[in-house]
Each structure stands twice: as C-alpha cells, then as structure tokens.
Amino acid sequence: MSRSQRYDQPCAILWINLDFQSLESQSIHAANANPAHIWRFVTDLIHAAVRTTDTVARRPGEYAVAVLLPQSDITGANIVAERLNERLKIETIEVVDGTNVHAVFHQHAVSFPVDGGSAKVLLDAVLSYSSGD
C-alpha cells in the first residue's frame, strides 16, 4: 500500500467470504468436512486466479480471504473476481466419502485512491461491507 501511495499507483483489495452455510446445505457431509481441506481447496482456486505479485492472506479462524492487488483498480479486482467465479462453476470440493460440493463466495472490492487513502480506511470499508453495515 505504501508503494501505491509513494508512486501514485492504484491498489485494490478483493475481500472474499466463503459461504460455509451454502456448503452445509448442499451436503450433510460438508458439515463434517475438515476445514483445513476446504481452505486448501479455496486458496488453490484463488492462487490460480491471481498474479504472482498479488498477496493472498487469511487470518486463522476467519471465513474470509483478503487479496491485495498492487497496480490494480476496481476493474482489475473485478477481473480477478470473475476468473474466480468461472472456476467455481466447474470446480467442486470433495468432502467426505467422495461427496462433492460447490463453494460459494461473496466478494467485494475496494481500491486506492478511489475508496480511501490508507490501508486502514480501505480495510474498514471492505469489512463494513462484509458485515452488512
């Protein structure tokens, strides 16, 4: 973020919430699935949709992933989100006993400088959106 500010370049944050309730409603086995297995699948999908210069981060215990997209604006973040959505249409997560379910994500993006001038402001914006404020 400081690099974006220093060089006056855009930077976007794509916030991705995994909808565990959707997984559980598709299969009773999903409720018993290993969360680490599900997150491994999710991060593999996300890493396939982003550039090597992008940063994917998740705080343990959270059902969300933040993707920092340097030198990207909202349009770039939406392209990444669309790539991810296309993958979700064809990929499934194998949970227990060979049962497959589709992951469902809710996504929101913000960008510097349009939505805020600091990392804190951008994170507050994306977090308020994800909490429904």
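Here is a walk through the sheet of this predicted model and the helices that go with it.

Let's start with the strands. Strands of a sheet pair through backbone hydrogen bonds, either parallel or antiparallel. Here, four strands make an open sheet with antiparallel pairing, and reading across it you get β2-β3-β1-β6. The edges belong to β2 (55-57) and β6 (105-112); each has a single partner strand, so one side of each is left without a neighbour in the sheet. Going from one strand to the next, the twist averages 15°.

Zoom in on the β2 end. β2 pairs with strand β3 (residues 64-70) in the antiparallel sense, over three bridges.

Now bring in helix α5. This helix lies across β1 (11-18), β3 and β6, and runs at about 165° to β6.

α5 also meets another helix. Two packed helices are described by the angle between their axes and the distance between the axes. For helix α4 (residues 35-49) and helix α5 (residues 74-90), the axes come within 9 Å and cross at roughly 130°. An angle over 145 degrees would count as roughly antiparallel and 65 to 115 as roughly perpendicular, so α4 and α5 are oblique to each other. The crossing of α4 past α5 is right-handed.

And who does the touching? On the α4 side you'll find Leu-45, Ile-46, Ala-48 and Ala-49, while α5 brings Val-80, Arg-83, Leu-84, Arg-87 and Leu-88. Sorted by class, that contact has seven nonpolar residues, two charged ones and no polar ones.

Definitions and conventions. Residues are numbered from 1 along each chain as its sequence is written. This is a predicted model: local features need pLDDT of at least 70, side-chain atom pairs count only at pLDDT 80 or more; totals for chains, interfaces and linings use all residues. Side-chain values use heavy atoms; hydrogens and water are left out. Axes are lines fitted to C-alpha atoms, for helices over the stretch in contact, and angles run from 0 to 180 degrees between N-to-C directions. Helices (H or I, at least four residues) and strands (E, at least two) are DSSP runs, numbered from the N terminus. Angles under 35 degrees count as roughly parallel, over 145 as roughly antiparallel, 65 to 115 as roughly perpendicular and the rest as oblique. A crossing is left-handed if the near helix is turned anticlockwise from the far one by less than a right angle, and right-handed if clockwise. Contact means heavy atoms within 4.5 Å. Ala, Val, Leu, Ile, Met, Phe, Trp, Tyr, Cys and Pro count as nonpolar, Asp, Glu, Lys and Arg as charged, and the others, Gly among them, as polar. Two strands pair if DSSP finds at least two bridges between them.
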